[in-house]
Amino acid sequence: MAQMNLLQAINNALEIAMTENESAVCFGEDVGHFGGVFRATSNLQEKFGKDRCFNTPLTEQGIMGFANGLAAQGSVPIAEIQFADYIFPAFDQIVNESAKFRYRSGNEFNVGNLTIRTPYGGGIAGGLYHSQSPEAYFAHTPGLKIVVPRNPYQAKGLLLAAIRDKNPIIFFEPKKLYRASVGEVPEEDYQLPLGKAEVVKNGTDITLLGWGAQMETIEKSAEMAEKQGVSCEIIDLRSILPWDVDTVAASVQKTGRLLINHEAPLTGGFAGEIAATIQDKCFLHLESPISRVCGLDTPFPLAHEKEYMPDELKTFEAIMASVNY
């Protein structure tokens with residue numbers, strides 16, 4: 001297998017998808033000859049031409065309206081929103097058009113071929129406009145799927161599955177891992193299942209749940225807890241919508257404890273939805289309250305990014321508090 005970083009894995013998946021299907025088109029701000037601000041679309045315009053990989057004007061609402069139209073008439077649009085922080089001008093198109101197109105037409109029409117790629121999260125000193133994690137806003141929207149990879153192997157397999165899935169999908173890419181996460185990736189075509197969590201490590205005392213870039217944080221905190229004699233089960237959710245309730249519930253019924261970690265602010269974050277569901281499914285199995293280790297309820301700070309992030313030390317302290325409850 002080839003060694004790839006997360007960007008190379010994404011680029012490889014895009015190349016496979018566009019080679020396979022001549023209806024697949026890739027577009028967004030600076031994605032053409034420039035290859036995107038992070039170079040995720042490097043060389044795609046050279047390989048497939050300006051008709052299939054091209055720049056758009058700086059209008060996220062326009063990008064998504066255009067993508068909906070392409071998908072509705074049978075093309076396979078792979079739209080890039082340059083930063084997840086900039087997705088909000090397109091919110092109406094995604095939530096009121098993409099997500100509802102099939103439903104409102106009684107399945108006469110759909111935009112199921114649509115995939116939206118966007119980098120999210122902190123860790124690059126990006127400040128308040130280049131660091132947000134907006135997955136929870138969209139998780140409230142029936143008709144969408146939301147996917148978040150944590151490493152190159154997942155990025156390629158999940159992105160190919162997302163492009164081929166017959167539902168509109170937002171594919172959040174953890175940008176601080178773009179070049180930092182390197183691993184073995186098959187060069188051939190493969191897919192990973194959407195809506196299915198991965199049990200990264202088995203354990204008996206507490207379940208640690210996260211997605212994307214925070215999985216590295218969780219693994220570091222688990223190593224610290226193991227030195228204190230605490231056995232941690234680690235689960236990567238991978239898909240936010242739909243999310244794998246059964247896998248998480250089975251784990252919590254075994255361990256009796258659950259800690260959820262995400263970068264987004266605590267209030268209204270997706271951890272709250274998970275906690276509510278798991279206490280309903282596992283109430284009689286719980287040995288302590290469900291813990292949430294999340295970002296702060298503030299705009300994302302530049303100077304105090306380290307204090308904002310739900311790091312391994314905060315997570316370790318929450319693990320020990322849960323176990324000693």
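**The open sheet and the cores**

A: In this predicted model, Gly28 stands opposite Glu80 in strand β4. The pairing to look at here joins strand β2, residues 24-28, to strand β4, residues 76-80, and these two run in the parallel sense over 5 bridges. Both belong to an open sheet of 7 strands, whose order is β3-β2-β4-β5-β7-β6-β12 and whose pairing is mixed. At the edges stand β3 (53-55) and β12 (239-241), and because each has a single partner strand, one side of each is left without a neighbour in the sheet. If direction is ignored, neighbouring strands of this sheet are turned by 20° against each other on average.

Helix α7, residues 152-164, lies across β4, β5 (115-120), β6 (145-147) and β7 (169-174), and runs at about 165° to β7.

From the sheet we can turn to the nonpolar cores. In soluble globular proteins, nonpolar side chains tend to be buried together. The largest nonpolar core here has 52 residues, among which Met64, Leu237, Ile274 and Ile278 touch the most other members. Helix α10, spanning residues 270-282, gives the most to this core, with 6 residues. When neighbours within four places in sequence are left aside, Ile278 is in contact with Trp243, Val245, Val248, Ala249, Val252, Leu258, Phe283 and Ile290. There is also a second, separate core of 35 residues, and Leu6, Cys26, Ile169 and Leu192 are among them.

Terms used:
Residues numbered from 1 in each chain as written. Predicted model: local features only at pLDDT ≥ 70, side-chain atom pairs only at ≥ 80, totals over all residues. Heavy atoms only, no water. Core = buried A, V, L, I, M, F, W, Y, C linked by side-chain atoms within 4.5 Å. Buried < 20%, exposed > 50% of the residue type's maximum accessible area, 1.4 Å probe, protein only. Helix = DSSP H or I, 4+ residues; strand = E, 2+ residues; numbered from the N terminus. Contact = heavy atoms within 4.5 Å. Pairing = 2+ DSSP bridges. Axes fitted to C-alpha atoms, helices over the stretch in contact; angles between N-to-C directions.
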